[in-house]
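Hi everyone, thanks for coming.

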Amino acid sequence: MTDIKFGRLEDLPLREAWKHEALQFTPWLAENIEHLSEAIGVQLDLAGTEVAVETFSADILARDLDGNVVLIENQLEQTDHTHLGQIMTYLAGLEAQTVIWIAPAFREPHLSAIRWLNEHTSDGFSFFAIKARVVRIGDSPYAPIFEVIEKPSAWERSLTQTRKDAETGKDAFSDVRTAFWTRYLERHPEAEAEGIKVQRGWNGYTRLADGDVLISVWIGERTAGIYVRGGWGDRKHAAADRLESYADILARKLGFESYKPEPNGHLFGERFPKSYQDENNWPEIIDWMEERRKLYVAAISEALEAEQ
């Protein structure tokens, strides 16, 4: 005999946990994007929510480690043609390379559409159908579960290679990135003292306010850019807290349109439409990044000094 007692796992409607899609489900997903990262096996970094495309708004935008745009569209009800149409609109308008469609149930025609897109679009595009579940045992807290039910056919093989590359620190363009950052410091050696270093990664960081504010210059497959975020871990909202009073001043000096802190600590930034994978673009990218980095450092440092 055993005294162990078991409960029964119960599936609940998603609306038991989130009453409203845009006001509750989307913000929760944005703040807990690591659940999706675990489901598809790729780290995702939140880039924005309710992003305008024509007359629609994409639920969530993220970026993978290569800087590629990931579109996340979520529903609290079974999939419908309206959302499929919106996804195609966002795919073009936002230049997304990965699409994640989340719903509690998928109609077969929509799963067929996801399969067709994975089979017929060019390499580099990936489409996922992810079933969202909310479960609990008895009166336990709700637990979210995300099940991948459609994905690119070669995804596991690609993911295995990506993980091997990550473990060895190498991928097809790791040497290119090392050469890019080497060239960066050759053109602007003064940047080394402010955190820019030769590396295989995608981001260079300048730290201000003892790490509460991070200014990142980054390179991606299609674009490069700069953004401001808070520190790591439990300090991710530190930059938002310290710079909120100076948002209007910084917007005027740096030229960004809106100050909208994201759940992952990102505040604002901008992009440059050139790929680091073409060496001919390097001088233009590097000079733009360094010019903007210096401007960001000067403007934010001034705001932080006024804080004293």
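I'll start with the overall picture, then go through the strands, the helices and the cores.

First, some ground rules: this is a predicted model, local features need pLDDT of at least 70, side-chain atom pairs count only at pLDDT 80 or more, and totals for chains, interfaces and linings use all residues. Residues are numbered from 1 along each chain as its sequence is written, and side-chain values use heavy atoms, with hydrogens and water left out.

So, how many helices and strands are there in the protein? We have ten helices and eleven strands. Those names come from DSSP runs, numbered from the N terminus: H or I with at least four residues for helices, E with at least two for strands. Of the 308 residues, 45% are buried. Buried here means under 20% relative accessible area, exposed means over 50%, and partly exposed is in between, with a 1.4 Å probe and protein chains only. And if you take contacts (heavy atoms within 4.5 Å) between residues at least 6 apart in sequence, 60% of them join residues at least 24 apart.

Let's go to strand β6, residues 126–137. Nine of its twelve residues are buried, so the strand is largely enclosed by the rest of the structure. Which strands pair with it? I'm calling two strands paired if DSSP finds at least two bridges between them. β1, residues 9–12, pairs with β6 in the antiparallel sense over four bridges, with L12 opposite V134. β5, residues 98–103, runs parallel to β6, and six bridges join them; there, I102 has I130 as its bridge partner. Then β7, residues 143–150, is antiparallel to β6 over seven bridges, and I130 turns up again, this time partnered with V148. β6 and β7 make a hairpin with five residues between them, and G138 in that turn has a positive phi of about 60 degrees.

Next, helix α4, residues 81–93. At 1.5 Å a residue, its 13 residues should span 18 Å, and the end C-alpha atoms are 18 Å apart, which agrees. The expected span, by the way, is 1.5 Å times one less than the number of residues. Buried in α4 are H83, L84, Q86, I87, Y90 and L91. They cover an arc of only 160 degrees around the axis, which puts them on the same side of α4. That arc is taken from the directions from the helix axis to the C-beta atoms. Why would residues spaced like that end up together? An α-helix has 3.6 residues a turn, so residues three or four places apart point the same way. The face turned away from the buried side of α4 carries the exposed residues H81, T82, A92 and G93.

Now jump further along the chain. Four strands form an open sheet in the order β8-β9-β10-β11, with antiparallel pairing. β8 (203–208) and β11 stand at the edges with a single partner strand each, so one side of each has no neighbour in the sheet. The twist averages 15 degrees from one strand to the next. Zooming in, six bridges join β10 to β11, and R229 is partnered with H266 in β11.

Lying across β8 and β9 is helix α7, at about 120 degrees to β9. For that angle, axes are lines fitted to C-alpha atoms, for helices over the stretch in contact, and angles run from 0 to 180 degrees between N-to-C directions. In α7, the buried residues are S174, R177, F180, W181, Y184 and L185. Seen down the axis, they fall within an arc of 130 degrees, so they line one face of the helix.

Finally, the cores. A nonpolar core is a set of buried Ala, Val, Leu, Ile, Met, Phe, Trp, Tyr and Cys residues joined through side-chain atoms within 4.5 Å. The largest has 37 residues, and F180, Y184, V228, L243, F268, M289 and I300 have the most contacts inside it. Among the elements supplying at least two residues each are α7, β9, β10 and β11, but α10 gives the most, with eleven. Apart from this core lies another, of 24 residues, including L29, I33, L36 and I40.
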